[in-house]
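Trainee: I would like to go through this model term by term. Please tell me what stands behind each word.

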Amino acid sequence: MKFRAEKRIDAPVWMNVVVTLLFVSFAFVAGGLFLYTQGVPPLSAYWIILRSSFGSGYDLSETVVKALPLAMVSIAVMLCYTMLIWNIGAEGQALLGALAAAAVVRYFPAESRVAMLSLMAVAAAVAGGVWAGIAGFLRVKWNVNEIITTLMLNYIAIRLLEFFIYGPWRDPSSLGFPMTKPFIDSARLPTLWGTRVHMGLFALLVLAVVMEVIMRKTRWGYEIRVMGDNSRAASYAGMNYFRGVVGVMFLSGAIAGFTGMCEVAGLQGRIQAGFSAQYGYTAIIVAWLSHLSPALSLFVAFLMSSLLVGGAALQIEMGLPLASAAIFQGLILFFVLGGEFFLNYSVRLDLGPAKGPDAHEKYAGGGG
Amino acid sequence: MTEGRGAVPLVEMRGITKRFSGVTANRDVNFSVEAGEVHALLGENGAGKSTLMNILYGLYRPDEGRIFLDGKPVIFRTPRDAIAAGIGMVHQHFMLVHTHTVWENMILGVKDTPFVLPKKKIINRIAEISGHYGLQIDPSAMVWQLSTGEQQRVALLQMLYRNVRVLILDEPTAVLTPQESVRLFETIRRMSGEGHGVVFISHKMREVMSETHKVTALRRGENAGTVATSETTEEALAEMMMGRKVTLDVNRSRLNAGKTLFEVRNIRVLGDRGVEAVSEVSFSIKQNEILGLAGVAGNGQQELCEALVGLRPLLSGEIKMNGCRMEGSSPRRFIREGIYYIPSDRKGVGMASGMDIVSNSIIKKYWSKPVGHGAFIDWRNSAACAKRIIEDFDVSAPSLHTPVRNLSGGNLQKLLMGRELSEAPKVLIVMHPTWGLDVSATRYVREQLLAARENGSATLLISEDLDELLALSDRLAVMFKGKFMGLLDDPASVPTEKIGLLMAGAPVEAA
């Protein structure tokens, strides 16, 4: 008796949904076991996560605040992933965007909010885009692995940012804390409904719609999908793979850079050390869990962010390390990707012919 | 090993049924091979030949039915079991490790090989077998250095090294020159003379008629009949296979070629390894003309094709379309000028196989109206265009949104041909258009190429199938090691042996 897997031709949509939900719940069962070993009753832990992320208007708004960059960066990276270009450097691209925005505020302050914010947005997008574009260029020109370069560029971006906030841009009145001067008012993104949710929310919604349209309806989106499916077929059809990769990397980096600018202009109003809280990496998980769909990523980012917020609450209320939230994220990704196996293959029990094993033992070795 | 014919068969498959998620690939098939027999297995693509042989070779397990070896039931879980029992298979794509030597490939997966390899013993054994069966090979050559024909010899040796008694050959002559085929048949005769059983899968009727003792035809997964080769005809076999009368020949009408459309002068092209793959090749093609290009695969045909459509840069030389210089232009300019290309690697180059039929149908016109609409793509017009190709070129597909990778080989090629031919190409570069296709799809593809010729296309047809080249070409060139060995104006009047000699690199005078 043995399990056999056979390739499935096309899994229907309902099966996708059911399998994904099923495996997400498996992840929570596994997470519950982990909590149990830590001496924490799983159900009350899950209750804390729910309550702390959705319990009140304020909690909900905080969850949205954290979901914003996650969704935006995941839209940035999924663009590359559709093309099978593995940009894992959104973190660095976001940092660079923030840095460029801060530079604009420092050296070209403007009274008008529209002028100031647009200038910051452009600077951030260009900075992030160029940062990612470097890796894209190296990839198509000399076939340098973009996973390595984007990751390495992250570290350079972090050090660069530290150089400025510890050095020339440090606020003299910050009593030695590594941070820039607060941004001027015109450089702050307006917040909404008296919460910390900022105008970036609208930018995100517009971005998601625009990206859906680009991917589905435009010639460029079509090219990206063909290049991702088969780059040789793309060249054969006369598509320019070189321009495609560099272009996609630039746009991806630009979106990430813009995210970085939204974070500093919407939340802190200055750059502090370690402001990005690893969104760049969590967003990769979000991109995959949402099957590279910008629309779906809004939803997934929201759920992931509730885990982040809930993780913080678990730390406070139950004394669990903050890393437990990361464990949950990992478990969910692990289980959902594992579940994909069942979408691609149908598994059944193989009983074999009745006298199978005996006959096998007797004759299989006898020939030759 | 000397049981007479008609005694207990060497291997017998009884009542084999195999289903794949709802599709029945084999239904209640009986098939047997006797000692000393060369048994041809015929059938259209999808008739279940490969499934049946993969069951015999232990790659699949049957849902119903049994396999008997010398009259005793056996069960193969893996090819290793099958080989241990004396059944070997040489696939169309050889399962060899290219970066290893011939002798290292011999012992792959041989269970009782000692940890420290007895190189000398192995090499002696190879020399012994290859001398006996006429399979000359240098045991210390690296596999990647060998020609396709030599690699096939290695694959054969690999099986003989394991003492197999039944050998399955999957379309072995598709990759050989006529001379190499003759040598292969000598080896096969030698094997059958010693009491081995050989299963010979082929689409080439002539070989089946002259080289086999028995023929079994499969049709839609069922055994359509087993007959002695000496008591049948090509036509009868085709009818058995198709279930109806078929004519195998296509009619090439007399046509006067038009003006010269496509000219290539002294082009040199580098291959992937940085070695010159095409040297100083010149030719021209006229409207309403098919120029055939014969040659064993790997002699620069691939690189030549890529250069002719702008996918590979030229080292030197000229390409002229309608008198205009084309070298250095982007692939897209070649397409816009009406130069279309049907590559041999249909899934790897010709199609984005994870995408649906609609997306693949517009791959060469998504930038222009009516499919392209400014920066956008008009998916309604795209679907209409895909639908037209499917109807005009007789592609059978569950829906327009089926991923191309789920189409059968024949339908995939029809879709690819349809996409290129529906653009009314001025120049058509076609490589191995009927590779792996069954009789009816092959015939269909050939008819379409002739129709394109009548509509004015200038066609370069690259093929390894001499019968195909002779049936379709107005002129024939032969390529060997990157060079044109000769250009024959009336190929049908030239003896096959002469073309074969050119394919093997003999100079024109000698041939």
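Mentor: Start with two helices: α4 (residues 90-107) of chain A packs against α11 (residues 279-289) of chain A at an angle of about 130 degrees, their axes 7 Å apart. Helices here are DSSP runs of H or I with at least four residues, strands are runs of E with at least two, and both are numbered from the N terminus. The model is predicted: local features need pLDDT of at least 70, side-chain atom pairs count only at pLDDT 80 or more, and totals for chains, interfaces and linings use all residues. Residues are numbered from 1 along each chain as its sequence is written, while chains are lettered from A and ligands numbered from 1 in the order in which they are written.

Trainee: Why are α4(A) and α11(A) called oblique to each other?

Mentor: Angles under 35 degrees count as roughly parallel, over 145 as roughly antiparallel, 65 to 115 as roughly perpendicular and the rest as oblique. The angle is about 130 degrees, so α4(A) and α11(A) are oblique. Axes are lines fitted to C-alpha atoms, for helices over the stretch in contact, and angles run from 0 to 180 degrees between N-to-C directions.

Trainee: Which residues of α4(A) and α11(A) make the contact?

Mentor: Ala90(A), Glu91(A) and Ala94(A) of α4(A) meet Tyr279(A), Gly280(A), Tyr281(A) and Ala283(A) of α11(A). Two residues are in contact if their C-beta atoms, placed from the backbone, lie within 7 Å.

Trainee: What makes β13 (residues 289-294) of chain B mostly covered?

Mentor: Six of its six residues are buried. A residue is buried if 20 or more other C-beta atoms lie within 10 Å of its own, exposed if 12 or fewer, and partly exposed in between. Glu289(B), Leu291(B) and Leu293(B) point one way from β13(B), and Ile290(B), Gly292(B) and Ala294(B) the other way.

Trainee: How do you know that β13(B) pairs with β20 (residues 458-462) of chain B?

Mentor: Two strands pair if DSSP finds at least two bridges between them. Five bridges join β13(B) to β20(B), and the two run parallel. Glu289(B) stands opposite Ala458(B) in β20(B). With β21 (residues 475-480) of chain B, β13(B) pairs in the parallel sense over four bridges.
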